[in-house]
Each structure stands twice: as structure tokens, then as C-alpha cells.
Amino acid sequence: MARDKRYLTLVSVLFFLLSACSSVPESVDKKASYRLIPADDSPLATYVAPLIEKHPQQTGVIPLINGLDAYVARLALIESANTSIDLQYYIYRNDDTGRLLIWHIIDAAKRGVRVRILLDDLTTKALDKGLMMLASHPNIDVRLFNPSYSRTLRGLEFITGFSRMNRRMHNKSLTVDNSASIVGGRNIGNEYFSNNIDDVNFGDFDLMFIGDSVDDVSIQFDRYWNADVSLPIEALSTHVIVAEDISQATESIGFEREASESSQYVGRLQSSLLLKQIQDNGLVWYWGEAEVVYDPPEKAQRKSADSWLLSDLSRFLSAATREVLIVSPYFVPTKEGTNILVAAAKSGLDIKIITNSLAATDVLAVHAGYQGYRLPLLEAGIKIYEVKASPLKKPSSWSGSSRSSLHAKTFILDRESIFVGSFNFDPRSAMINTEMGIMFHNAIFADAIVTGIENGLSEAAYTLAVEEGELVWLDEAEGLTVYAEPGSGFWRKFMANFLALFPFESQL
């Protein structure tokens, strides 16, 4: 009898916990807000206006390839803001780069700039108090996309509400004064901006742009900001912010900022080529027609499938007549995608694919899902290159972290048009997460990007080939042929092969 009572009690507690995990906050004070027209005295708008006048209905872009340049670009835009900052990211780390960026955002808010911060909730577990403190500023609003309703039982909620919690906002954008935007593959964290010397670093790619497409990014942001699945941090967190918290945080930030001024990373930022160009008023913009494309936020609710980004990218890729270069760190083409690529190659299209090697990938499961498609792609004449891991940073056998990894996502057609964004060539980007990017049409720019990539391939990547029906890796820089996954130990290969046995390709 006693055991039955304990059993009933346990079931009741579990039922309560599960119910708590799935409950939408009852009262949500959520007001719609929209992009702002920049003030007449906005330095950024004043700089942009004459350039746009010379290039009506076009977009001007600057490539952000180097991590230092990519960070300087973000700081420069935020420092120039006098009307609005809209920041949207999948990951925002509380590390050196994340804190430095937030300090500049707080400075902007103190100047009277309206700040809207929209983050995916998957990796914000330890950020609630800090986000609440930010939201306590009258000029800063913080919302979380598709959030966990239980801030203390998030792991349990992910299990019990997997179909909802599995859908994440992978979009990445920063827009200032509705006059300039940065869109691409980078999240906010040390590893994306060349801050890590001894830790993981990602090779990535963004575009900073002005002109016709900036308003489209702002429209995209407004849709996500006002979506049903985006909730204010105040409706979710139980943290209560009092004056003493603000005072202590202000004092702490003051000490940290002073210390950061002499940090190695801040010193290295001074070597940024982009910073020199900004200081010398020597920025070089590439101009052309562009289109901002994105999933609707309703994709997180499995709605509006006819307007998902996949259809835009399919239209974009199908326009190629000569060659296609696909750069995707997580490349899982699926059987259907492989058949389409093979058919395109057999019709005469020159297709090159650049992705991570087993040694370089930071997600073993993705490599497990990709590795079986290499032979049929190669046999159809498609060229595959796998990025090498740093020889000084050996990959972990088990965790999947390679310490040096490709993270850029771009597709280039006929050396004339380029897509840059958050979309990986895999089922997760296509069917589960929301994504965004920009298609830019300028042959000089696209050709320069392809040429730069190809010039570095022999040093940075292995060329895959087939010998007697088996995969081989050609290290052209060293003049070597490798007959097994290069740079990977036994256990890493074993884990990739083991994971390949499981039927979870749709989640990769």
C-alpha cells in the first residue's frame, strides 16, 4: 500500500513537472514594434545617402572574410548608431567578444538609440539574469525565439516538447539605423571573430551591405520580432532586477572594460584592414542587384511551407548554366538532393563542393550523415574538397570539436551571383530551423570570391578522388595520397561510422 502511494505521488509530481514544462506564460506584455526611419543627423544615413543616390535600387556590399574585420564592422556600425539597432542571432556567447559588443550596445542605448535584441533560446540558459538587466534599460528590449517556458527544467522540456523545441531560429543579422546590415554565417562568440588562439576557431563569411536590401532585412526582423513565437524575456524569467543589481553590474562592467582595453584581442583589432579603410574613408563597395530571402517565422510552427527559404534557394541554384560552387560546413545532401546534383553534373554543370573533413568538423553526427554520399557524387564528376583541421590542434576523439573548422555558408553560380547566409546544405536548414541570407548579383565580386577560394584550396583542403572504387584524399600541398579519413584517429572514425548506423538523417 505504501509503495502504491509513493508511486502515485511520483506520477503526480512527474505530471506536474511535465505540465509546467509545456505551459505558455499566461500574461505577456508584448507590444508590436517596427523599423525606424533614421534621423536626419544620423552619421551612417548621411554617409550612405550619396552612395545610394549613385546606385538607385541596388545594394552595395563589402565581404567580411577575416574574423577581425567582421568584428570591427559590427563595432563600427554600433558606434555610429543614433536611431536604432536590431540584433538577431542564433548564439550569443557571454565571452570577450560578446561582452565587448554588449558594452557598445549599452553605450548606444544611453545615447537614446532604440535597441531590439532577438536571440534564439537554445543556448541562453545562463543568460537570463543578464538579459533581464539589459531589458531593464528603457531603450533596450529583449525577446527570445521559441523559448523554453520553464527556465529551470529546460532539459526536461526539450524531451517532452521535442517537436516544438527542436525548431530553432538560425538567422543572423545586425541592422543599424535601417541604413546598413550585416548578414552571414557568424554567431556572436570568440570562435567566430579570431579571438581564440588556443581554442576552436571557425572560418566564416558575412556581407556588410547598404542600399536597397537593408530595408528588406529590417522587414524580416520585424516579422520575427512580432511573431507569436518570440516572447519578451520579462515574460519568461523569474529574476527580479533591483537597483542594487544595476549598480553592481555597472561597477563590474567599468572594471572589465578598463581591463579589456589592454587585452591582446583589442590590440589585434587595430590591425584590421577594414578598420584602416574606415579611418581613411577608403571603403570599397561592390554594387549590384540583390534579394534578401528568409524563412517565415511560422516555420517554427510548421506553417507556411510554400514560402520556406528552400524554394528560393532551389530557384536560385537552378539558374546556373555553367558552374556551381557550394561551401557548406554541414553538408548532408540526402538521397533526393544527391540525385539532383548528379543529374545536374551529368547535364554538363561543373559542380564543386567544399565542406569539413572528419578531422575538421565540430559535429560528428553530420559527418556520419554525409560520408555515404561522397562516392556517388564523385562518380558523377562532382568535385569534393574537405577542409583540413589545423595540424597544431588535434581533434577530440569523442566530442566532435576539431579546434579548427569551416563555418561559412555560400553558393556561387557561374561566377556571377552569390548567396551568403545562415543556410547549410542539410535537412535541418531545409526543413527544421529558420534561415536567412542574401543573393547578390555582381560578376566581378562573385568571380573574385571564387578565385580567392580556389587559390587557397590546395593548402586548406584535401581533394577527394576515387581509386579502384575506394575513396582517397589528395593532399596536393604535401604531394600525398591518403587512404583513410586524414587527420582522424581510430576512435573518431569509429564514432562517425557508428553514428551512421542510426536513422536520424532528417535531424542533421
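These notebook entries record what I looked up in the structure above.

**Entry 1. The model**

I worked with a predicted model, in which local features need pLDDT of at least 70 and side-chain atom pairs count only at pLDDT 80 or more, while totals for chains, interfaces and linings use all residues. Residues are numbered from 1 along each chain as its sequence is written, and side-chain values use heavy atoms, with hydrogens and water left out.

**Entry 2. Nonpolar cores**

I began with the nonpolar cores. A nonpolar core is a set of buried Ala, Val, Leu, Ile, Met, Phe, Trp, Tyr and Cys residues joined through side-chain atoms within 4.5 Å. Buried means under 20% relative accessible area, exposed means over 50%, and partly exposed lies in between (1.4 Å probe, protein chains only). In soluble globular proteins, nonpolar side chains tend to be buried together.

Which residues touch the most other members of the largest nonpolar core? I found I85, L87, I117 and M208, in a core of 60 residues. I then listed the contacts of I85, where contact means heavy atoms within 4.5 Å. Leaving out residues up to four places away in sequence, I85 touches I78, A108, V113, R114, V115, R116, L174, T175 and V176. Another core, of 44 residues, lies apart from that one; Y373, L377, L413 and F425 are among its members.

Helices (H or I, at least four residues) and strands (E, at least two) are DSSP runs, numbered from the N terminus. I looked up helix α5, residues 128-135, and found six of its eight residues buried. These are D128, L131, M132, M133, L134 and A135. The elements that cover them include α4 (96-110), β3 (114-120), β4 (140-145), α6 (154-160) and α9 (243-260).

In helix α12 (residues 309-317), I noted L309, D312, L313 and F316 as buried. Seen down the axis of α12, the buried residues fall within an arc of 95°, so they line one face of the helix. The arc is that of the directions from the helix axis to the C-beta atoms. The buried residues of α12 pack against β10 (286-294), β15 (410-413), β16 (417-421) and β17 (436-441).

**Entry 3. Loop residues**

Is L236 buried or exposed? L236 counts as buried because its relative accessibility is 6%. I located L236 in the loop between β9 (230-232) and α9. Beyond residues up to four places away in sequence, L236 touches P25, L144, P147, S148, Y149, R151 and L231.

N226 is in the loop between α8 (214-225) and β9. What does the side chain of N226 reach? I found the backbone oxygen of S33, at 3.0 Å. With residues up to four places away in sequence set aside, N226 touches K30, K31, A32, S33, Y34 and R143.

D177 lies in the loop between β5 (173-176) and β6 (180-184). D177 has 0% relative accessibility and therefore counts as buried. Its phi is near 55°, a positive value in a residue other than glycine. I also noted T334, in helix α13 (residues 334-346); the phi of T334 is near 65°, again positive in a residue other than glycine.

**Entry 4. Aromatic rings**

Rings of Phe, Tyr and Trp (its six-membered ring) pair if their centres lie within 6.5 Å; planes under 30 degrees apart count as stacked, over 60 as edge-to-face and the rest as tilted. How many aromatic pairs does a search of the whole structure find? The search finds 18. The ring centres of F490 and F494 are 6.2 Å apart and their planes are at 20°, so this pair is stacked. F490 and F494 are separated by about one helical turn because they are four residues apart in helix α18 (residues 490-499). F490 counts as exposed at 58% relative accessibility, and F494 as partly exposed at 37%.

F502 and F504 form a stacked pair, with 6.1 Å centre to centre and 10° between the planes. F502 is partly exposed at 39% relative accessible area, and F504 is partly exposed at 27%. I also recorded a cluster in which ring pairs link F331, Y370, F411, F419, F423 and F425.

**Entry 5. Charges over rings**

A charge sits over a ring if NZ of Lys or CZ of Arg is within 6 Å of the ring centre and within 35 degrees of the ring normal. I found the charged end of R164 over the ring of Y149, 4.1 Å from its centre. The charged end of K388 sits over the ring of Y462, 5.4 Å from its centre.

How values were computed. A polar contact is a pair of N or O atoms within 3.5 Å; within protein, one must be able to donate a hydrogen and the other to accept it, and residues adjacent in sequence count only if both atoms are side-chain atoms.
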